[in-house]
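Please read the following points with the model open beside the text.

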Amino acid sequence: MTLLITHENANRRLDKFLFAYFNNAPHSFIYKLLRKKRIKLNGMKATGSEILQSGDELKLYLSEETIQSCRKSKIFPKAKPLTDIIFEDENLLVINKPGGLPSQGGMSDPDHLLARIHFYLQEKGEISESFTPAICNRLDVNTSGLVICGKNLRTLQHINGLFAHRQIEKEYTAIAHGIVGKVGETVTLKGTYKKDSTTNTATIIKNNDGVDVVTTYTIQAISKNHTLLSIMPITGRSHQIRAHFASIMHPLLGDKKYGGQSTPFAPAQLLHCRRLTISQEQSWEAPLPKSFVKCIWEWFGKG
């Protein structure tokens with residue numbers, strides 16, 4: 001059997017492609033096929049580490065029965081409707097994730113954003129056998145806002161690369177305990193980051209040497225006990241914003257894990273990924289949740 005690699009799988013490692021294609025076979029079996037030269041790339045012995053290019057020819061020296069037994073139809077279980085789609089085309093899906101919904105699986109609740117995305121795209125007939133759409137940026141369960149999903153490998157790699165090289169500008173809206181500074185003031189926080197996997201919490205120590213986390217914020221408004229902030233994380237570590245404000249003794253409202261107090265309007269952290277910008281021509285903005293807007297009106301008299 002011969003497979004012709006299309007642009008959809010270009011720049012993908014051969015073994016990753018084979019794992020997706022033979023989705024009902026253990027990885028050890030696929031590597032065994034490679035060692036025994038039962039799979040060849042452009043007529044040559046393959047190891048699995050090769051980077052595929054559009055037009056490459058993959059020959060499978062296997063029986064039709066073996067191929068069928070190593071593959072199964074990709075069917076995602078029914079999920080709750082995907083709501084608050086901000087943007088969609090043939091490559092990208094941008095969603096305004098609600099607070100309280102995990103970005104992807106791994107928790108006890110099978111309902112998560114990625115499950116909703118997969119079922120939504122499956123219903124539209126946009127799931128291929130060789131690639132499963134994935135999200136490019138994850139938000140904490142109780143953080144709301146923009147999440148980007150790559151519908152194909154090329155787009156996923158491109159967006160992930162932009163995030164990795166800090167070429168996507170991220171802007172969050174948050175409310176912190178206390179008065180952090182003067183309205184209009186812009187401050188940059190730097191520090192050394194440490195994550196405790198047992199408690200799933202991060203600690204940031206102020207340190208100008210060996211800095212590995214950077215967070216910039218601008219003060220939008222202040223009230224008697226709260227500060228409304230526009231936050232732009234320069235780096236992108238887990239819990240970075242939450243831990244950085246806890247480190248300066250101004251935890252986010254509702255963020256009990258990092259010392260914030262809950263209120264009738266803020267049962268969880270008031271943190272929302274409001275805008276993602278790649279260029280002047282490509283930027284998305286997500287409206288604040290109604291509960292967040294209510295907090296702003298209650299404490300700052302503005303919307």
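1. Four strands form an open sheet in the order β1-β4-β2-β3, and their pairing is antiparallel. Strands here are DSSP runs of E with at least two residues, while helices are runs of H or I with at least four residues, both numbered from the N terminus. Two strands count as paired if DSSP finds at least two bridges between them. At the edges lie β1 (2-4) and β3 (44-45), each of which pairs on one side only.

2. This is a predicted model, in which local features need pLDDT of at least 70 and side-chain atom pairs count only at pLDDT 80 or more, whereas totals for chains, interfaces and linings use all residues. Residues are numbered from 1 along each chain as its sequence is written, and side-chain values use heavy atoms, with hydrogens and water left out.

3. Lys59 in β4 stands opposite Lys40. Strand β4 (residues 57-60) pairs with β2 (residues 39-41) in the antiparallel sense over three bridges, and the antiparallel pairing of β1 with β4 likewise runs over three bridges.

4. In a regular strand the side chains alternate between the two faces of the sheet. Buried means under 20% relative accessible area, exposed means over 50%, and partly exposed lies in between (1.4 Å probe, protein chains only).

5. The protein chain has seven helices and 15 strands. Of its 303 residues, 46% are buried. The C-alpha trace spans about 75 × 45 × 40 Å along its principal axes.

6. Contacts (heavy atoms within 4.5 Å) also describe the chain. Among those between residues at least 6 apart in sequence, 62% join residues at least 24 apart.

7. The protein chain exposes about 15600 Å², of which carbon and sulfur atoms supply 50%. Accessible areas come from the Shrake-Rupley method with a 1.4 Å probe, and for residues only the protein chains shown count as cover.
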